[in-house]
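Colleague: I would like to learn how to read a model like this one. Could you walk me through it?

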Amino acid sequence: YDIFRENYRQIIRVAEEEFYAGIAEEQDASILKICPGAPVLNLLRKTYNTKNEIIEFTISVARADQFRYKIVHHKD
């Protein structure tokens with residue numbers, strides 16, 4: 001996010017991330033070295049600037065057997 005700020009002068013207002021279970025499609029399975037149809041976690045991220053414009057949209061696929069996610073909450 002430093003690159004957004006420093007190179008593009010975009011200030012991040014909020015980022016939303018959504019996780020949902022799925023099954024690996026053939027191309028993702030090949031990249032992840034798992035069998036097609038194996039369980040995966042899909043991640044969808046949308047990041048908004050201060051004008052409420054989406055400046056990042058990411059779809060990721062993670063192996064369910066190796067997935068780990070950590071959240072740290074800070075009080076402002």
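**Reading the model feature by feature**

Modeller: Buried means under 20% relative accessible area, exposed over 50%, and partly exposed in between, using a 1.4 Å probe and protein chains only. Please keep in mind that this is a predicted model, where local features need pLDDT of at least 70, side-chain atom pairs count only at pLDDT 80 or more, and totals for chains, interfaces and linings use all residues. Residues are numbered from 1 along each chain as its sequence is written, and side-chain values use heavy atoms, with hydrogens and water left out.

Colleague: Where is Phe19 found in the secondary structure?

Modeller: Helices (H or I, at least four residues) and strands (E, at least two) are DSSP runs, numbered from the N terminus. Phe19 is found in strand β1, residues 12-23. The chain has 2 helices and 3 strands, in the order α-β-α-β-β from the N terminus on.

Colleague: How spread out is the protein chain?

Modeller: The radius of gyration is taken over C-alpha atoms, and the globule rule is 2.2 Å times the number of residues to the power 0.38. Here the radius is 16 Å, well over the 11 Å that the rule gives for 76 residues, so the chain is more spread out than a compact globule. The C-alpha trace spans about 40 × 25 × 20 Å along its principal axes, and 18% of the 76 residues count as buried.

Colleague: Which residues make up the largest nonpolar core?

Modeller: In soluble globular proteins, nonpolar side chains tend to be buried together. A nonpolar core is a set of buried Ala, Val, Leu, Ile, Met, Phe, Trp, Tyr and Cys residues joined through side-chain atoms within 4.5 Å. The largest one here has 5 residues: Ala24, Ala29, Ile34, Ala38 and Val40.

Colleague: And what does Asn42 touch?

Modeller: Contact means heavy atoms within 4.5 Å. Leaving out residues up to four places away in sequence, Asn42 touches Glu18, Phe19, Tyr20, Ala21, Gly22, Ser60 and Val61. Asn42 is found in strand β2, residues 39-49, and is buried, at 13% relative accessible area.

Colleague: Which residue has phi near 55°?

Modeller: That is Arg9, where the value is positive although the residue is not glycine. Arg9 lies in the loop between α1 (2-8) and β1, and counts as exposed at 76% relative accessibility.
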